[in-house]
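I opened a new page for this protein. These are my notes on what I looked up, in order.

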Amino acid sequence: MSGGQDGTGHARERSRSPEGDEKRLSCALEMEMTKRAMQANSKVGCVNYGGLVHRNGGESPEVSVPVSLPGKRTAQMEGDDLYRLRDRKFLLEDKKRLCALALGAALLGILLMILHTEMCPFFYKPGTNIALIINCSISLSTGCLLIFIIAFHYKDIRLFIIDQNQVDWRIAMTSHRVFVITLELLACAIHPIGTYWEVGFLSNSSFSPPLCDSNHHNTALADLELLLSVLMFLRLYLVHRAVLLHSKVLLSASYRSIGSLNNINFTFRFVLKVLMNKYPARTLLVFILFFWLTASWMLTLCERQTAGSTDHMETALWLIAITFLTVGYGDVAPKTRCGKSVCLFTGVMGVACTAMLVAVVTKKLALNKGEKHVHFFMLDIQISKGIRHAAANVLRECWLLHRANVTKGTRQEHRRHQRCLLEAIRVFRHLRLKQRKLRDYVSEMVDLPKMQMIMCDLSANWNNSYRELEQRILSMEQKLEELSRCFQETSKLLSQVLRHRNQEIR
């Protein structure tokens with residue numbers, strides 16, 4: 001019988017083992033899928049928060065976990081996330097490099113234009129090979145600048161595709177992006193073409209480029225050449241992009257992660273605010289000097305046709321300075337429309353920079369929290385001392401007036417003591433009012449660190465009291481358990497005694 005029972009038991013175990021294996025296998029698969037899904041979510045979060053700017057408003061893309069067995073497909077998804085992170089890093093480095101190259105090409109073109117404008121009438125004649133070489137260099141730098149800008153926006157579009165989880169590139173080409181790219185290309189393509197005009201069409205005439213020689217006959221071409229030369233300074237918009245991409249704020253991983261968590265876009269405005277908070281005087285000084293020199297040279301370029309006093313650099317520096325400071329002595333004034341426009345823009349920028357300078361100086365001269373506490377504390381002590389002296393003066397004048405009334409002094413002495421008493425009362429009231437205003441102002445200053453320390457102390461005390469209460473409750477429970485055990489033992493003893501006595505009585 002025992003052998004038969006063992007045989008049936010082994011048969012049942014063999015029949016149940018496939019079902020148990022299937023259940024265990026399904027549970028293991030579910031646990032593995034959950035683990036891989038959590039790892040994929042954490043990696044996607046790291047990719048999103050490690051980026052430059054959230055294109056979708058800070059929302060992380062969803063990760064779909066397959067219902068089937070998670071073998072190679074899940075590993076491929078994790079590898080794709082790592083490849084996206086690597087490509088994103090390389091694209092950001094390429095954008096920084098292309099932005100630096102574009103800014104260098106823009107500054108080179110502007111520098112060549114300035115050299116051509118200043119050296120043409122004195123070192124070489126207009127229409128010569130040297131002038132043609134310099135103008136070709138300006139055009140070559142302009143072409144390189146356009147190539148760098150196109151490459152920069154190509155990298156930006158690829159970065160958008162990676163941020164949006166491999167979408168079609170046509171989705172990135174919105175109307176706003178197309179308008180911005182077109183506007184940038186038009187602004188950077190502007191450069192003077194007077195030498196080409198002369199070489200191509202007027203090689204047999206005595207015409208000279210307008211920026212090199214003011215004694216010309218074609219004023220329309222002169223105005224066009226002047227306008228193109230001035231508009232070349234529009235390329236300086238690349239400075240703010242270079243500052244943004246090369247700033248320490250943007251290169252710091254902690255800044256990017258915390259900013260991404262708080263949905264902060266790292267734009268040039270944010271970087272400028274950081275620079276103005278950290279280096280306000282240095283930032284304003286660099287901007288004012290650069291604007292002063294640029295506007296002065298543009299004014300000399302505009303006024304060169306009039307052959308007046310403003311076509312010299314020292315006079316232009318003086319005029320831009322007094323216009324920037326909104327003084328305007330009136331001894332020098334621009335004559336051309338271009339010069340008047342430059343002076344008008346200088347006045348507007350001067351008002352804006354003056355407002356920023358006032359804000360910076362006010363911030364530098366303002367007392368910090370510790371200095372305010374010390375100053376107000378000492379001021380309160382001085383006012384309290386003055387109140388005590390004023391109260392003593394009031395009592396003294398009252399006593400002198402009372403003595404004059406008792407001794408029946410003259411009316412003149414009586415009026416003098418009354419006048420001194422009223423003055424002492426006025427001084428006492430004035431000091432009391434001043435002390436009340438000071439204390440009201442001090443009470444309005446909320447000391448956040450002090451309040452935080454007080455709240456931390458209160459929370460610590462509450463936690464300690466709660467722990468003590470828990471310990472007391474536990475000790476009471478232990479004592480109650482001991483009492484219940486003692487009662488049970490006592491009841492057992494009483495029952496045994498009663499049984500023993502009943503047996504004796506019987």
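**Overall look**

I began with the surface: the protein exposes about 34,400 Å², and carbon and sulfur atoms supply 63% of it. Areas come from the Shrake-Rupley method with a 1.4 Å probe, and for residues only the protein chains shown count as cover. This is a predicted model, where local features need pLDDT of at least 70, side-chain atom pairs count only at pLDDT 80 or more, and totals for chains, interfaces and linings use all residues. Residues are numbered from 1 along each chain as its sequence is written, and side-chain values use heavy atoms, with hydrogens and water left out.

Next I looked up the secondary structure and found 17 helices and zero strands. Both are DSSP runs numbered from the N terminus: helices are H or I with at least four residues, strands are E with at least two. Of the 506 residues, 30% count as buried. Buried means under 20% relative accessible area, exposed over 50%, and partly exposed in between (1.4 Å probe, protein chains only).

**Helix α5**

How far apart are the end C-alpha atoms of α5? They are 20 Å apart, which agrees with the 20 Å that the 14 residues of α5 (175-188) should span at 1.5 Å a residue. The expected span is 1.5 Å times one less than the number of residues.

I then listed the buried residues of α5: Arg177, Ile181, Glu184, Ala187 and Cys188. They cover an arc of only 135 degrees around the axis, so they sit on the same side of α5. The arc is that of the directions from the helix axis to the C-beta atoms. Ser175, Phe179 and Leu186 are exposed on the other side. The buried residues pack against α3 (129-163), α4 (169-172) and α8 (238-245). Contact here means heavy atoms within 4.5 Å.

I also checked Thr142, which is in helix α3. Thr142 counts as buried, because its relative accessibility is 3%. Not counting residues up to four places away in sequence, Thr142 touches Cys188, Ala189, His191 and Arg235.

**Salt bridges**

I counted nine salt bridges in the structure. Each is a side-chain nitrogen of Lys or Arg within 4 Å of a carboxyl oxygen of Asp or Glu.

Which residue pairs with Lys95? Asp156 does, with the closest N and O atoms 3.4 Å apart. Lys95 lies in α2 (72-123) and Asp156 in α3, so the pair ties together parts that are 61 residues apart in sequence. Both Lys95 and Asp156 are buried.

Asp156 also meets Arg177 in a salt bridge, at 3.2 Å from N to O. That pair links α3 to α5 across 21 residues.

Glu184 and Arg241 form another salt bridge, at 2.5 Å from N to O. Glu184 is in α5 and Arg241 in α8, 57 residues apart. Glu184 is buried at 9% relative accessible area, and Arg241 is buried at 14%.

**A nonpolar patch**

Last, I looked at a surface patch of Leu285, Leu289, Trp292, Leu293 and Met313, with about 440 Å² of accessible area together. Patches use residues with over 30% relative accessible area and no salt bridge; like charges are joined within 9 Å, nonpolar side chains (Val, Leu, Ile, Met, Phe, Trp, Tyr) within 5 Å. The largest share, four residues, comes from α12 (280-302). Met313 is in α13 (313-324).
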